Amino acid sequence: MNKKKIILSISALVLVILLGCGIVVTMRIYPVLHAANYISSKLNTDAVVFNIEINLDTVSFTDKQNAFAETLTKILGAEPENNNKVRLEGTFNQEALYAKIYYAALEQPLTEIYSNEKDTLINVEMIYSTIRERIIEQSPILGMLAPKWQDGSYMTLSQAEQIFGMDISEIMNTISVVQQEKQNTMMYYIMMIGMSYEKLENGIRLNGTSEYGTYRVELDEKNDLINIELEDFKLKKDTVMKSCNVNLTFENDSNIIMPEDNVSDSNVELIQGIWNLISGSMQSFDEK
């Protein structure tokens, strides 16, 4: 074999190796890149419909959070083992978000929230009226401590936390992360490049781990669905969220109008006093 044939043979071998590597890299890159492009295009549509199921880590609850959860569970007649379950369903667009909040696996929503860049508003009248109805059912005498609602329906997140002594900002942060994580295709690709993946009948499933916990992203392109699961996911050191399941679907249009029927500042302390009186009375009855 002369020198020219040797060079040609080596060149052909190198070309085959490069082509093989290129095919392998393409096989690895394309599914993730396609998934990144799908997520980017969908999350930048006019409206995203979400269903978020959160399991709270009750072991990490503060004393105030435990007291709130126990009292609310008793008043609502929910199963104690479900006091770690919160579900949110709603929609968000480029300007605002609306969601109903379900507690302790109950069928009816406990309250609803509206949120935009300026404010997060909670329908405290829904919470109050539901609690009042249940108290009257369980104890008409105790129900006399809670008069009918006669003020605006909505208050800010900080006002609600002040009244109930319950930090619910982490639940809101879960929604905000979903709402605000709108990146371009390359940014999503960079975020997902280290994830393992498997092809599904209608899409792809990606699995990953990070310093925050483990997560899984499943794309169902046939049904226009994104599912995200988080396990032992801690966005901050003192988190109370143990796991989270997020389902996203998409609409062409949504109109979310922030409410203006707000609770007056002068009544926040009054409502807080009524809640403290009711929760204290519930604890006294339990002790007896």
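**Glutamate 89 and arginine 87.** I looked up this pair in the predicted model and found their side chains joined in a salt bridge, 2.7 Å from N to O. A salt bridge here is a side-chain nitrogen of Lys or Arg within 4 Å of a carboxyl oxygen of Asp or Glu. Glutamate 89 is partly exposed at 27% relative accessibility, and arginine 87 is partly exposed at 23%. I applied these cut-offs for relative accessible area: buried is under 20%, exposed is over 50%, and partly exposed lies in between (1.4 Å probe, protein chains only).

**Basis of the entries.** Residues are numbered from 1 along each chain as its sequence is written, and side-chain values use heavy atoms, without hydrogens and water. In this predicted model, local features need pLDDT of at least 70 and side-chain atom pairs count only at pLDDT 80 or more, while totals for chains, interfaces and linings use all residues.

**Arginine 216 and glutamate 229.** I found a salt bridge between these residues, with the closest N and O atoms 2.5 Å apart. Arginine 216 sits in strand S9 and glutamate 229 in strand S10 (residues 225-231), so the pair links distant parts of the chain, 13 residues apart. Strands are DSSP runs (E, at least two residues), and helices are runs of H or I of at least four, both numbered from the N terminus. Arginine 216 is buried at 15% relative accessible area, whereas glutamate 229 is partly exposed at 26%.

**Glutamate 218 and arginine 205.** I recorded a salt bridge here too, its closest N and O atoms being 3.0 Å apart.

**Whole structure.** My search returned six salt bridges. Glu198, Arg205, Arg216, Glu218 and Glu229 are linked in a salt-bridge network.
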